[in-house]
Amino acid sequence: MTLRARCVLPGVCCALLCFSVIAIGDDDDKPADSSRRSAQSGLNNEQQRAAGIAVAHPIAAKAPERIEALGLVLDATTLISDMGDAAVAAVAEHSASAELARLHALHAGGAGASLKMLEAAQADQAKAQAQAQIAAARFALRWGPVAALPIDARQKVIQASTSGRSLLVRADLPGRHTLGASPSKALLDVDGIQVPGRVLGILRETTELQSVGLLIEVSNPPGGLGPGARVPVTVLTVERTGLLLPRDALLYDENGAYVYKQLTKQSPADMARYAPVKVRLLLPYGEGWLVEGVDDDDDIVVHGAGVLWSLQGMGAQQHDDADDD
């Protein structure tokens, strides 16, 4: 399938204007009957106008998949506390290791360090090392995306969150325990306002929701939004490429989604004939859907598909799109 053009989200409204052909009559979509038969006779121009049938080419488009999530604004002091515990434990472990090395040297040189002192220092060093490892593991478990950042970037995130210039939000994706590539963007719904956020990464620690969680940084958050607040979040994943069709073009039955395609006329005098073509729904996009299963040069019924369904003998069993024109 050749993509003729690419759409971006701000242009979706303009793209859908291509489908805004005036329709006459009721074209409400109805459930499809699997016993539909192939069209034996077509419709002339007057019948098409009376039925409100209009056709248009699908438009190639590219859009990110949207995943709904539940967001919780985190307390930045917890980040500082966990980071401080890890730093203190690391310093204590370094000090205990230095003391053990000093006593080792004294004992080896016979300078007054007894074996008992050396053994006590070894125990202290082992305890400090274990505490440092626990603190580091706890910090990585709770704040893995922050811990993975380069030192300069990590300090910027911490300073911004503690000063109030940004917020850290945990977004849980209910029903999901894994996620492929980590998304890069998210949108928080704050009183109907779409507030953008930057996804720092996937969190390793789960909550009572038992779902995969993402850590999101929100710069310049709206006033009043603070720790403990719960807000809806939309996570934007990698972009998907497909063909854009308006919702009116789509029908659905027990075999899945399908559209009506206008078959190519053998001569200008021939009446218009239509055939159902199975499509795969990718994701909603503006007032339409991105789909697979048709080509960008197909004539797809974008208004009046429900009328075609209701006409006896105007349908057929769904089939994958093939050049049977």
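Here is a chat about a pocket and some helix packing in a predicted model.

Biologist: Hi! What is the volume of the largest pocket?

Modeller: Hello! This is a predicted model, and its largest pocket comes out at about 280 Å³.

Biologist: Which residues are the closest to its centre?

Modeller: Those are L72, L74, R170, E205 and T207, out of 17 residues that line the largest pocket.

Biologist: How do the lining residues divide into nonpolar, polar and charged?

Modeller: Seven are nonpolar and seven are charged, with three polar ones besides.

Biologist: Thanks! Switching to the helices now. At what angle do α3 and α4 pack?

Modeller: The angle is about 155°, and the axes of α3 and α4 lie 8 Å apart. Angles over 145 degrees count as roughly antiparallel, so that is how α3 and α4 run relative to each other.

Biologist: Is their crossing left-handed or right-handed, and what residues make the contact?

Modeller: α3 and α4 cross in a left-handed way. Their contact has 19 nonpolar residues, eight polar and six charged.

Biologist: Good. How about α3 and α5, what is the angle there?

Modeller: Helix α3 (residues 76-108) packs against helix α5 (residues 151-163) at about 135°, with 9 Å between the axes. That angle makes α3 oblique to α5.

Biologist: Which hand does that crossing have?

Modeller: α3 passes α5 in a left-handed crossing.

Biologist: Which residues should I click on to see α3 meet α5?

Modeller: On α3, pick A76, L79, I80 and M83; on α5, pick R154, Q155, I158, S161 and T162. Sorted by type, the residues of this contact are five nonpolar, three polar and one charged.

Conventions. Residues numbered from 1 in each chain as written. Predicted model: local features only at pLDDT ≥ 70, side-chain atom pairs only at ≥ 80, totals over all residues. Heavy atoms only, no water. 1 Å grid on protein atoms, 1.4 Å probe; cavity = no way out; pocket = protein on both sides within 12 Å on 5 of 7 lines; lining within 4 Å. Points joined across faces, edges and corners; volume = space filled by probe spheres on them. Nonpolar A, V, L, I, M, F, W, Y, C, P; charged D, E, K, R; others polar. Axes fitted to C-alpha atoms, helices over the stretch in contact; angles between N-to-C directions. Helix = DSSP H or I, 4+ residues; strand = E, 2+ residues; numbered from the N terminus. Parallel < 35°, antiparallel > 145°, perpendicular 65-115°, else oblique. Left-handed = near helix turned anticlockwise from the far one by under 90°. Contact = heavy atoms within 4.5 Å.
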